[in-house]
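Me: I have a model open and would like to talk it through with you. Could we go slowly?

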Amino acid sequence: MSIEKELFRSGPYADFFSQGVKVGDSLYLAGQVGMTETGEIPAELPAQVEAAYKNIATVLSQFGAKMDNIVDETFFVTDMNECMSQVPQIFQAREAAYGKKPEVAQTLIGVSALVDPGLKVEIKVIAKI
Amino acid sequence: MSIEKELFRSGPYADFFSQGVKVGDSLYLAGQVGMTETGEIPAELPAQVEAAYKNIATVLSQFGAKMDNIVDETFFVTDMNECMSQVPQIFQAREAAYGKKPEVAQTLIGVSALVDPGLKVEIKVIAKI
Amino acid sequence: MSIEKELFRSGPYADFFSQGVKVGDSLYLAGQVGMTETGEIPAELPAQVEAAYKNIATVLSQFGAKMDNIVDETFFVTDMNECMSQVPQIFQAREAAYGKKPEVAQTLIGVSALVDPGLKVEIKVIAKI
């Protein structure tokens, strides 16, 4: 059995994985980190959240999708205390990214490491189209 | 492209995320933690597992779904040693929640933190309807 | 509402969860660890990655699926530094498992523990059929 995939490859690891894979009405995104498209990692967590959502929106747009297509998101953060102390700022950045109160399921997990020591957050989302 | 979402919002963060999002036959639940509906966090891991499944069942019921609709679950635990030393009690609580041998894929991961320091487990599930 | 599930149970926890659950065109796999089918845990991370993919391929085959049916993978690793220092070897093992440049979304997370202290990696995948 074979399936029909649409892929969006980008960045230094473009040969190794796709930033998004669409099959049928399901769109799986690679976890997007708090790094700007020019490769900078903001010092503060809310700014990293903003950057991660910009990356997510970029991937979605390759499939003709928007933030509202997201149904599920998982936040992986390296410092839960820092995260919980900045919930209002994070939710503000998030609502700005969605353009409204997000209509998504959310899970928040503290992890021991992300791919770069400067990263404080990675967001993995699933979208439906 | 827009999609038709059904949402269930509840709890202190009801403005910020949904406890469940249904699109088509897919139902994504927010990670449910080991806290009772009155906000208590049991001291023991098996009791937290029981509480988390009660929360899951509550969310499922809002969509007319039952535990047997779950296809995939991920356990995030803060203390893997404690978890592995209590596998029989945890599986007992889990089988009671499902009402039978669960028919689900399962993944078990040790995490560095959950949203509250007293929490020992968060369970994230995906259901099909 | 009830759904039609196909299950593949295997291993010491066969009563407690399925290695794979298929509903419609979605196939959810339990996280597969870096352990061989004879229960050995290789010392090196790339060999564990190879073992995990062998386990994944075995589960997929029970549903008539192949590696190319995978759309999304999450790597949980216990030592991010070790992982990042062996990226070429890991990607080599991965490409060998897929038989080509993988067409999947990927997320890489550092975790505090996996189910056995010797394990360095667990890979959770979602496939479409």
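Me: Is the crossing of α1(A) and α3(A) left-handed or right-handed?
Reply: The crossing of α1(A) and α3(A) is right-handed, where right-handed is said when the near helix is turned clockwise from the far one by less than a right angle, and left-handed when it is turned anticlockwise. Helices here are DSSP runs of H or I with at least four residues, and strands are runs of E with at least two, numbered from the N terminus.

Me: What should I know about the model and its labels before we go on?
Reply: This is a predicted model, in which local features need pLDDT of at least 70 and side-chain atom pairs count only at pLDDT 80 or more, while totals for chains, interfaces and linings use all residues. Residues are numbered from 1 along each chain as its sequence is written, and chains are lettered from A and ligands numbered from 1 in the order in which they are written.

Me: Back to chain A, at what angle do α1 and α3 pack?
Reply: Helix α1 (residues 45-62) and helix α3 (residues 87-98) of chain A pack at an angle of about 20°, and their axes are 9 Å apart. The axes are lines fitted to C-alpha atoms, for helices over the stretch in contact, and the angles run from 0 to 180 degrees between N-to-C directions. α1(A) and α3(A) are therefore roughly parallel to each other, a word used for angles under 35 degrees, with over 145 being roughly antiparallel, 65 to 115 roughly perpendicular and the rest oblique.

Me: And which residues meet there?
Reply: From α1(A), A:Leu45, A:Pro46, A:Val49, A:Glu50, A:Tyr53 and A:Ala57 meet A:Gln89, A:Ile90, A:Ala93, A:Arg94 and A:Ala97 in α3(A), with contact meaning that C-beta atoms, placed from the backbone, lie within 7 Å. By class, this contact of α1(A) with α3(A) holds eight nonpolar, one polar and two charged residues. Ala, Val, Leu, Ile, Met, Phe, Trp, Tyr, Cys and Pro count as nonpolar, Asp, Glu, Lys and Arg as charged, and the others, Gly among them, as polar.

Me: OK, what about chain B, how do its α1 and α3 pack?
Reply: In chain B, helix α1 (residues 45-62) and helix α3 (residues 87-98) pack at an angle of about 20°, with axes 9 Å apart. That makes α1(B) roughly parallel to α3(B), and the crossing of α1(B) and α3(B) is right-handed.

Me: New topic: what superposes chain B on chain A?
Reply: A rotation of 120° with 0.0 Å of shift along its axis superposes chain B on chain A, with an RMSD of 0.0 Å, and this is the relation of a three-fold axis.

Me: Then how many residues of chain B touch chain A?
Reply: 24 residues of chain B are in contact with 25 residues of chain A. On the chain B side, the elements giving two or more residues are β2 (20-23) and β3 (26-29) of chain B, and the largest share, three residues, comes from β2(B). That side of chain B divides into 15 nonpolar, six polar and three charged residues.

Me: Why do you say the copies meet through different surfaces?
Reply: Only 8% of the interface residues of chain B are also interface residues in chain A, so the copies meet through different surfaces.

Me: Last one: how many residues of chain C contact chain B?
Reply: 25 residues of chain C are in contact with 25 residues of chain B, and the side of chain C that touches chain B has 15 nonpolar, seven polar and three charged residues.

Methods. Copies are superposed by least squares on the C-alpha atoms of residues with pLDDT of at least 70 in both. Two residues are in contact if their C-beta atoms, placed from the backbone, lie within 7 Å.
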